[in-house]
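Hello,

Here is the structure I promised to hand over. My notes follow it.

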Amino acid sequence: MRAIIFIFLLAGQLQAQSFVLVFLYPREDKPELPKEQVDKLMQGHFANIQRLSSEGKLVVAGPFEEGGGIFIFRSTSFDEVREWLKPDPGIQANRWKIEMVPYKPRYGTPQGGHKPYDYVVYQFIRFTSYIAKFNINDMPQLMKQHDDYLAELKKSGNVVAEGTFNDTDGGILVMKGELNKEVIESDPAVHAGLLEIEIKKWTVARGAFGEK
């Protein structure tokens, strides 16, 4: 019985882990560089990714089809993550705009994927809260409906990962297969204008969130 209780407690601790999620958005104002210089910057960028991964600091990384991508770090400190990113030549050259958010997984804990790595393209949905006078009173109810809607989506078997930045600042949803945008737009909180959505195709190692 004690062993069973310990397993359940450990599972709860793993699911409650917090991370730092870093968005890398391509800069429209980045200077034009010779291809050889860009290639060298990207080689250094990938080398830094491999180093951080081998050190157990970087758990998940992957690019968006449209450019840029995300990192998920095993940390709760923005300052610590900034230090880890400093050696990256691409970041030193300001190739991307960097946005950091606290990330708390509710489904699919970041794990890094299975070696040898097999890469897959998922649908990446970012929810950003838009709180205004017209919806602030309805926010608690709409967020409850949003969570209920996500719970129904998970029953489809297509949800790979889902988590929040905090209680009111949105979160992410990662899904496999083709995605009809209307499915996400029918989320009550999205339909009511409380949450805005951004959908991208995201390449990541299969198993990055424990999925098979």
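Leaving aside its neighbours within four places in sequence, which residues is F19 in contact with? They are V59, I72, F73, R74, S75, V101, P102, Y103, P105, T109 and P110. Contact here means heavy atoms within 4.5 Å. F19 sits in strand β1. It is buried, with a relative accessible area of 1%. The cut-offs are under 20% relative accessible area for buried and over 50% for exposed, with partly exposed in between (1.4 Å probe, protein chains only). F19 and T76 are 57 residues apart in sequence, yet 5.4 Å apart in space, C-alpha to C-alpha.

Some ground rules. This is a predicted model: local features need pLDDT of at least 70, side-chain atom pairs count only at pLDDT 80 or more, and totals for chains, interfaces and linings use all residues. Residues are numbered from 1 along each chain as its sequence is written, and side-chain values use heavy atoms, with hydrogens and water left out.

Overall layout

The protein has seven helices and eight strands. These are DSSP runs, numbered from the N terminus: helices are H or I with at least four residues, strands are E with at least two. The C-alpha atoms fill a box of roughly 50 × 50 × 35 Å along the principal axes. Of the 212 residues, 39% count as buried. Among contacts with a separation of 6 or more, 76% join residues 24 or more positions apart.

Cores

In soluble globular proteins, nonpolar side chains tend to be buried together. The largest nonpolar core here has 23 residues. By definition, such a core is a set of buried Ala, Val, Leu, Ile, Met, Phe, Trp, Tyr and Cys residues joined through side-chain atoms within 4.5 Å. F23 and W202 have the most contacts inside the core. Two or more residues each come from β1 (19-26), β2 (58-63), β3 (69-73), β4 (96-107), β5 (119-129), β6 (159-164), β7 (171-175) and β8 (195-205). β1 gives the largest share, four residues.

F23 touches G69, I70, K97, I98, E99, V101, F124, R126, F165 and I172, not counting residues up to four places away in sequence. Apart from this core lies another, of 15 residues, including F127, M143, L150 and I184.

Helix α3

The buried residues of α3 (residues 78-85) are V81, W84 and L85. They fall within an arc of 95 degrees seen down the helix axis, so they line one face of α3. The arc is that of the directions from the helix axis to the C-beta atoms. Their cover includes β1, α2 (35-54), β3, α4 (89-92) and β4. S77 caps the N-terminal end of α3, with a side-chain oxygen 3.4 Å from the backbone nitrogen of D79.

Salt bridges

Side chains of opposite charge can pair when their charged atoms come close. The count comes to 15 salt bridges, taking a side-chain nitrogen of Lys or Arg within 4 Å of a carboxyl oxygen of Asp or Glu. Three of them:

- K86 and E83 meet at 2.9 Å, N to O. K86 is partly exposed at 49%, and E83 is partly exposed at 45%.
- K154 pairs with E162, the closest N and O atoms being 3.0 Å apart. K154 is partly exposed at 25%, whereas E162 is buried at 2%.
- E198 pairs with K200 at 3.4 Å between the closest N and O atoms. E198 is partly exposed at 30%, whereas K200 is buried at 14%.

R106, D147, K154 and E162 are linked in a network of salt bridges.

Two further residues

Most residues other than glycine have a negative phi. N94 has a positive phi of about 55 degrees although it is not a glycine. N94 lies in the loop between α4 and β4 and is partly exposed at 45% relative accessibility.

F46 is in helix α2. F46 is partly exposed, at 47% relative accessibility.

Best wishes

Technical notes: A polar contact is a pair of N or O atoms within 3.5 Å; within protein, one must be able to donate a hydrogen and the other to accept it, and residues adjacent in sequence count only if both atoms are side-chain atoms.
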